[in-house]
Amino acid sequence: MTLMPAVARLTASPNFSLCQAANGSAYVVGEVEPYPQYWLCERERLLFALFGRKGGVPVEEAMKALLALRPAADPLGEQKRIDRAIAGMVAAGVLIAPAGELSRYGKAMARDYLVHRPFPTGLVGHLRRAGGIGGQSRVLDLASGPGSLALALAEHTPHVSVMELSRGFVAAARAEAKRRGLALGAINESCNRLVQLDASFDVITVSQALHWLDDVAVCKGVCRTLAAAGSFFVIHAAMDLPESHPLAHILGNRTPLGDKLAVPFAEQVRPLFRRLALLFGALDAPDVERHDPAHARAGSTPIAGAGISLFRQERPMGEGFARAFLSDRHIAVLGQTADAVQRDIAERCSVATPDQLMGAMDWAVLHFRRGAADFDWAAWSPPEPEAIAYP
Ligand SMILES: C[S@@+](CC[C@H](N)C(=O)[O-])C[C@H]1O[C@@H](n2cnc3c(N)ncnc32)[C@H](O)[C@@H]1O
């Protein structure tokens with residue numbers, strides 16, 4: 001008997017990698033935020049291996065295999081210890097259901113995300129022009145969500161792919177591409193592993209997501225996969241709600257989810273640009289002799305900053321927008337049930353006028369390009385943002 005009869009099969013989560021300390025102790029590290037570490041006793045190390053089969057393994061089967069590998073003097077006691085070990089690994093997300101979600105964002109949010117957080121049309125036009133995206137361009141959208149930006153670009157080139165951790169979002173992007181009759185490649189994988197991708201792209205984008213990723217790993221991956229004269233775009237966004245907005249308590253400047261930086265938007269963008277420009281300067285340096293093959297493939301023209309563009313978009317921010325924004329992990333921080341939070345949001349929105357539900361999004365497009373003249377971020381004097389329509 002197991003403590004978890006309801007869970008028929010489990011698999012080792014692909015979000016974790018097995019490591020060994022110099023003294024031989026085994027542990028797994030989460031390769032995606034919040035980058036947890038979970039130390040394994042011998043029993044757990046074997047369980048991680050036994051469950052590491054594609055499609056998962058029935059819990060009872062793994063238990064029997066473990067008992068056969070490590071015969072115990074008290075099989076019943078050992079069975080209980082195995083049970084507790086599995087429960088602990090499940091609670092830590094080290095073992096998951098075979099089709100279990102890998103991201104904090106999942107299937108339940110996909111429809112709301114596509115409808116209520118559409119990627120701005122004005123920014124799609126800007127990216128197409130600045131990136132020179134045409135019918136032959138190979139484009140990769142990192143951490144694409146359910147594919148709003150990638151699908152818009154797929155209208156212009158049949159060579160667009162997404163790389164996204166969420167199984168639910170990847171499925172939604174594929175379904176939406178099919179519905180619209182568009183070609184879309186989909187890689188269900190952590191973008192922190194971009195460097196392992198054997199591919200080349202003319203344009204790589206990442207929108208509203210770099211903060212969830214290991215940006216050093218992403219930049220290494222961009223160095224490896226960005227083609228000659230290729231562009232890398234980082235799209236950064238910030239919400240701006242008036243204090244009087246019905247959802248300001250949860251999406252405004254000071255909320256239980258965290259306080260927003262009290263600096264003008266452009267001064268949030270400048271340090272981000274500086275960090276990425278310095279990272280590319282350090283990582284993509286073909287004049288430095290190295291022996292790693294990834295670096296040797298990077299090409300001879302380094303990636304450098306090409307410029308920053310600012311936009312502002314007035315838009316409704318109501319119940320659907322909040323649903324598309326608040327994952328279960330966000331809600332967990334609030335210490336309330338998802339139902340209670342959503343009910344409260346619905347009530348607040350139901351008594352508000354359309355005008356009261358209006359807010360604004362500030363958008364910045366940070367452009368890096370192979371062979372760019374190295375944009376001077378320190379001397380940058382931010383222009384007035386260009387107003388763009390919703391969506
Ligand atoms: C706020 S959404 C942004 C979605 C989309 N890019 C957009 O602008 O609407 C963040 C996305 O990052 C994805 N994500 C988080 N960590 C990831 C990782 N390590 N690798 C790939 N995708 C990741 C989430 O699953 C989610 O879809």
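**Close-up views of the sheet and the ligand site**

**View 1. Strands S11 and S15 pair antiparallel.** Strand S11 (residues 226–240) and strand S15 (residues 358–370) are joined by 10 bridges. Ala237 has Trp363 of S15 as its bridge partner. Strands (E, at least two residues) and helices (H or I, at least four) are DSSP runs, numbered from the N terminus. Two strands pair if DSSP finds at least two bridges between them. This is a predicted model: local features need pLDDT of at least 70, side-chain atom pairs count only at pLDDT 80 or more, and totals for chains, interfaces and linings use all residues. Residues are numbered from 1 along each chain as its sequence is written, and side-chain values use heavy atoms, without hydrogens and water.

**View 2. The open sheet has eight strands.** Their order is S9-S8-S7-S10-S11-S15-S14-S16, with mixed pairing. S9 (185–188) and S16 (386–388) are the edge strands; each has a single partner strand, so one side of each lacks a neighbour in the sheet. From one strand to the next, the twist averages 20 degrees.

**View 3. The ligand is surrounded by 21 residues.** Each has a heavy atom within 4 Å of the ligand. The closest are Ser103, Ala143, Glu164, Cys191 and Ser207. By class, 10 are nonpolar, eight polar and three charged.

**View 4. Polar side-chain atoms approach the ligand (N or O pairs within 3.5 Å).** Ser103 places a polar side-chain atom 2.7 Å from a ligand oxygen. A side-chain N or O atom of Gln208 lies 2.9 Å from an oxygen atom of the ligand. For Ser190, a side-chain N or O atom is 3.1 Å from a ligand nitrogen.

Note on methods:
Axes are lines fitted to C-alpha atoms, for helices over the stretch in contact, and angles run from 0 to 180 degrees between N-to-C directions. A polar contact is a pair of N or O atoms within 3.5 Å; within protein, one must be able to donate a hydrogen and the other to accept it, and residues adjacent in sequence count only if both atoms are side-chain atoms. Ala, Val, Leu, Ile, Met, Phe, Trp, Tyr, Cys and Pro count as nonpolar, Asp, Glu, Lys and Arg as charged, and the others, Gly among them, as polar.
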